Amino acid sequence: MRSVIPVSRMSTVDLIVIELRKAILAGALPTGGSIGEVEIAAQLGVSRGPLREAAQRLVQEGLLVSVPGRGLRVRTIGPGDIPDLYEARCAIEAHAARLLAADSDARAVGELEACFARLVEASDGEDAVAIGDADIAFHRHLVDLVGSRRLSAAIDTLLAETRIASLSDPDGYQVRRTVSPTYRALLDAIRAGDAASAARALRRQFGDAIARLTGEDDGVETIESSLGEEPPAFPRIEPAHGV
């Protein structure tokens, strides 16, 4: 007899988490703004129970915060937290870069080159969100190539916080217009098996990012995008097993 392995389905709560996370990271739910439970639940076609459960998951992820007397709000990350955020990212990403350099896997380098090419292509345009997405995709893939589920989960959280830090800028969402030369230095170092140089390239890149995001360096040309000006629109989700 053939054994049948049941296919797991996402629960309603899982689907709500996905939609809320997308809205937060796209700036549709602005940083510091409250979560309108009634309106969001109506748009999604769900009750407030599973919406609240989904929101609590995002509190655990650090995307939402619970403010006493004011309910749930989208998290804000100010300049004071940015150096620590990038220090944590460097610990994970530099480790990943060292491992990839030591392995000298041509396939991995090729995949990173493809991510880099997409970042360069996006940077030739005027869409700040597309550039930011391509940048995040590069750094996420750098860690995913290590093959560690825990490292990938950790970097996902830190990259989401990085996006929120950018969205928290009172001048609007800004990204660097030109691609930093540290990306090419990082890729060349990984290809050459030079772990130390790969880690140094990342630290230089993150140092530049910290200076820009904290206002210490305002000489870098940026592309800006005003997000969160339109009310968020959520699609109705399909009924699923569980809540």
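The model is predicted: local features need pLDDT of at least 70, side-chain atom pairs count only at pLDDT 80 or more, and totals for chains, interfaces and linings use all residues. Residues are numbered from 1 along each chain as its sequence is written, and side-chain values use heavy atoms, with hydrogens and water left out. A search of the whole structure finds 18 salt bridges, and the count of disulfides is zero.

**Nonpolar core**

- The largest nonpolar core has 70 residues; such a core is a set of buried Ala, Val, Leu, Ile, Met, Phe, Trp, Tyr and Cys residues joined through side-chain atoms within 4.5 Å.
- Buried here means under 20% relative accessible area, exposed means over 50%, and partly exposed lies in between (1.4 Å probe, protein chains only).
- Leu20, Leu29 and Ile190 touch the most other members of this core.
- Helix H4 (residues 82-103) gives the most to this core, with nine residues; helices (H or I, at least four residues) and strands (E, at least two) are DSSP runs, numbered from the N terminus.
- Leaving aside neighbours within four places in sequence, leucine 29 is in contact (heavy atoms within 4.5 Å) with Leu20, Ala23, Ile24, Ile35, Ile40, Val74, Pro232 and Phe234.
- In soluble globular proteins, nonpolar side chains tend to be buried together.

- Glu37, Ile40, Ala41 and Leu44 are buried in helix H2 (residues 37-44).
- These four residues lie on the same side of H2, because they cover an arc of only 100 degrees around the axis; the arc is that of the directions from the helix axis to the C-beta atoms.
- An α-helix has 3.6 residues a turn, so residues three or four places apart point the same way.
- Val38, Glu39 and Ala42 are exposed, on the face of H2 turned away from its buried side.
- The packing partners of the buried H2 residues are helix H1 (12-25) and helix H3 (48-61).
- Glycine 45 follows H2 and has a positive phi, near 75 degrees.
- Threonine 12 is located in helix H1 and is buried, at 10% relative accessibility.
- Along the chain, threonine 12 and isoleucine 237 are 225 residues apart, while their C-alpha atoms are separated by 7.9 Å.

- Strand E1 (residues 64-67) pairs with strand E2 (residues 71-74) in the antiparallel sense, over four bridges; two strands pair if DSSP finds at least two bridges between them.
- Valine 74 in E2 is the bridge partner of leucine 64, and Val74 is also among the contacts of leucine 29.
- Three residues stand between the strands of this hairpin, and glycine 69 takes a positive phi near 80 degrees.

**Salt bridges**

- A salt bridge is a side-chain nitrogen of Lys or Arg within 4 Å of a carboxyl oxygen of Asp or Glu.
- In the bridge between aspartate 105 and arginine 107, the closest N and O atoms are 3.7 Å apart. Aspartate 105 is partly exposed at 22% relative accessible area, and arginine 107 is partly exposed at 48%.
- Arginine 177 and glutamate 126 form a salt bridge, with the closest N and O atoms 3.1 Å apart. This pair links distant parts of the chain, 51 residues apart: arginine 177 is in the loop between strand E3 (173-176) and helix H8 (182-192), and glutamate 126 is in the loop between helix H5 (106-123) and helix H6 (128-144).
- Arginine 177 is partly exposed at 23%, whereas glutamate 126 is exposed at 57%.
- The closest N and O atoms of aspartate 133 and arginine 163, another salt bridge, are 2.6 Å apart. Aspartate 133 lies in helix H6 and arginine 163 in helix H7 (residues 149-167), so the pair ties together parts that are 30 residues apart in sequence.
- Aspartate 133 is partly exposed at 40%, whereas arginine 163 is buried at 6%.

**Cysteines**

- A disulfide is a pair of cysteine sulfur atoms within 2.5 Å, and by this rule the count comes to zero.
- Cysteine 90 is in no disulfide, and the nearest cysteine sulfur, that of cysteine 115, is 19 Å away.
- Cysteine 115 is likewise in no disulfide.
- Cysteine 90 is buried, with a relative accessible area of 5%, and cysteine 115 is buried, at 6%.
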